[in-house]
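Welcome! Take a look at the structure first.

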Amino acid sequence: MTRVPTTNWAASFHYGFRDCLYPTSVEAVCEIVARSPKIKTVGSGHSFNAIADGEVGLSLSELPINPIIEGDGTQVSIGGHCTYGELALFLHRHHLAVHNLASLPHISIAGAIATATHGSGNRNGNLATAVSGLEMVSGDGRLIKVARGHADFLALVVHLGALGVITRVTLDVQPEFQVAQSVYEGLAWDKLLANLDEIMAAGYSVSVFTQWRQHAGSIWVKRTASADEWPAAIHGATRATVNRHPISGLDSQNCTEQLGQYGRWSDRLPHFKMGFTPSSGEEIQSEFHVSKEYGATAIEALLSIREKFAHLVQAAEFRTVAADELWLSPQYHRDTLSIHFTWIRDQEAVNAAVEHIEQKLSRFTALPHWGKVFTGRHIRAKYERLPEFAQLRDRMDPQRTFSNPWLEDVIFGTSEN
Ligand SMILES: Cc1cc2nc3c(=O)[nH]c(=O)nc-3n(C[C@H](O)[C@H](O)[C@H](O)COP(=O)(O)OP(=O)(O)OC[C@H]3O[C@@H](n4cnc5c(N)ncnc54)[C@H](O)[C@@H]3O)c2cc1C
């Protein structure tokens, strides 16, 4: 019996798929694409909007992931549908690592790079920046291979599911490294705003969790191997002595270890453990990226309207992401501070809150996370390479096999014509 995906992971979005195809070889993927008027590749279904929606789904889950170490151990190529958790298991066996991970390891690589999914760290680019090569099936059913340096490469990586079916991804890897994390609680808003840069530089990867209440919240510091003692406090926030969950009040057993002991990069960089349900499950997410230099001012601006949205927040998170060259990356040519919201699962109320937030952040050129909830208003004007991306789509997918209403409406603006 064919499994047809009905909702996203959080059950906050209902897909319109009437069928889903499960090819068992790349040749079969090529044939399906060549003969199908419309097809939408299904990743791990973690996005919160209609980006992954379609009439006929294509899942690569029956394809082998077949990981291969390349370039004398500096790169790994693997099936695009592989999750970061599965990738990490393979890398462990070879004492290798990727530079960073998102908050959860459950997402597919091709789906994560599609939306410029990211972790945190002043010097860490989003996960798409580790891609050095792609194998993909274009709209005419041809398998094409593109490597870093190719004229289209910087456009193809953050692909929004618009350009083809990604069958394999090659990623830069590095020798494995150890990470430890500690949580610092009781951070005050004035300390956060006055010392944001210093706080975000306190480790290899730093997150500040808040619920937009009286206190700002907690600082989650992830450090790579260091001989330094953990400080007892960071700007007035004191070190926790038990593990915490980002959503205060929830049990921390699904969370990665936080008490300062070093462990594998992949067991510390995500907030949530593989094999457990991440986050709360009953949620919707939004996220807005602003230039890092305006980070504190942007947070302050949101504080001034927090009565419009704070009651809907389960947890919010500030992270930093380094600049890159990828055309549709929100970090294109700028370091960002990312302002993330895990909302309660009330779509209508969240939509209204997001309107307020977007309005307040508009003067900071806030760019939304492609896989989360946003209005999409004025977005096209903010991506200078979008007209060229549209031309590339004309070449890669002239028949619009990979199109869906979300792409036409939000990205290409064709539904306005
Ligand atoms: C609990 C939770 C925690 C999260 N944490 C983070 C976080 O820490 N940082 C962050 O940045 N984001 C985070 N996200 C968002 C998530 O990383 C993105 O939505 C990501 O795109 C999900 O990947 P996916 O495989 O589920 O993609 P999907 O939602 O399945 O698909 C996304 C897009 O990719 C396309 N696609 C998928 N696979 C392929 C393929 N093989 N070929 C071509 N196109 C493909 C789809 O068609 C669609 O257009 C989180 C989401 C959840 C639910």
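Of the 116 residues in the largest nonpolar core, which touch the most other members? In this predicted model, the answer is Trp212, Phe341 and Trp343. There is also a second, separate core of 12 residues, which includes Val29, Val56, Leu58 and Val165.

**Helix H1**
- Helix H1 covers residues 26–35, and its buried residues are Ala28, Val29, Cys30, Ile32 and Val33.
- Those buried residues pack against five strands: S1 (19–21), S3 (56–59), S7 (131–137), S8 (143–147) and S9 (165–172).

**Threonine 167**
- Strand S9 is where you will find threonine 167.
- Threonine 167 counts as buried because its relative accessibility is 2%, and the cut-off for buried is under 20%.
- Leaving aside residues up to four places away in sequence, threonine 167 touches Val26, Val29, Leu60, Ile78, Gly79, Gly80, Glu135, Met136, Val137 and Leu143.

**Cavities**
- Searching the whole structure turns up two cavities of 30 Å³ or more.
- The largest cavity has a volume of about 50 Å³, and strands S12 (205–210) and S18 (313–321) are the elements that each give two or more residues to its lining.
- Of the 13 residues lining the largest cavity, Leu101, Gly119, Ser120, Leu269 and His271 lie nearest its centre.
- By class, that lining has three nonpolar, seven polar and three charged residues.
- The second largest cavity, with a volume of about 30 Å³, is lined by Tyr84, Val98, His99, Asn100, Leu127, Ala130 and Leu171.
- Five residues in the lining of the second largest cavity are nonpolar, two are polar and none is charged.

Definitions and conventions. Residues are numbered from 1 along each chain as its sequence is written. This is a predicted model: local features need pLDDT of at least 70, side-chain atom pairs count only at pLDDT 80 or more; totals for chains, interfaces and linings use all residues. Side-chain values use heavy atoms; hydrogens and water are left out. Buried means under 20% relative accessible area, exposed over 50%, partly exposed in between (1.4 Å probe, protein chains only). Helices (H or I, at least four residues) and strands (E, at least two) are DSSP runs, numbered from the N terminus. Contact means heavy atoms within 4.5 Å. A nonpolar core is a set of buried Ala, Val, Leu, Ile, Met, Phe, Trp, Tyr and Cys residues joined through side-chain atoms within 4.5 Å. On a 1 Å grid over the protein atoms alone, a cavity is a set of points where a 1.4 Å probe fits but cannot get out, and a pocket is an open set with protein on both sides within 12 Å along at least five of seven lines; lining residues have an atom within 4 Å of a point. Grid points are joined across faces, edges and corners, and a volume is the space filled by probe spheres set on the points. Ala, Val, Leu, Ile, Met, Phe, Trp, Tyr, Cys and Pro count as nonpolar, Asp, Glu, Lys and Arg as charged, and the others, Gly among them, as polar.
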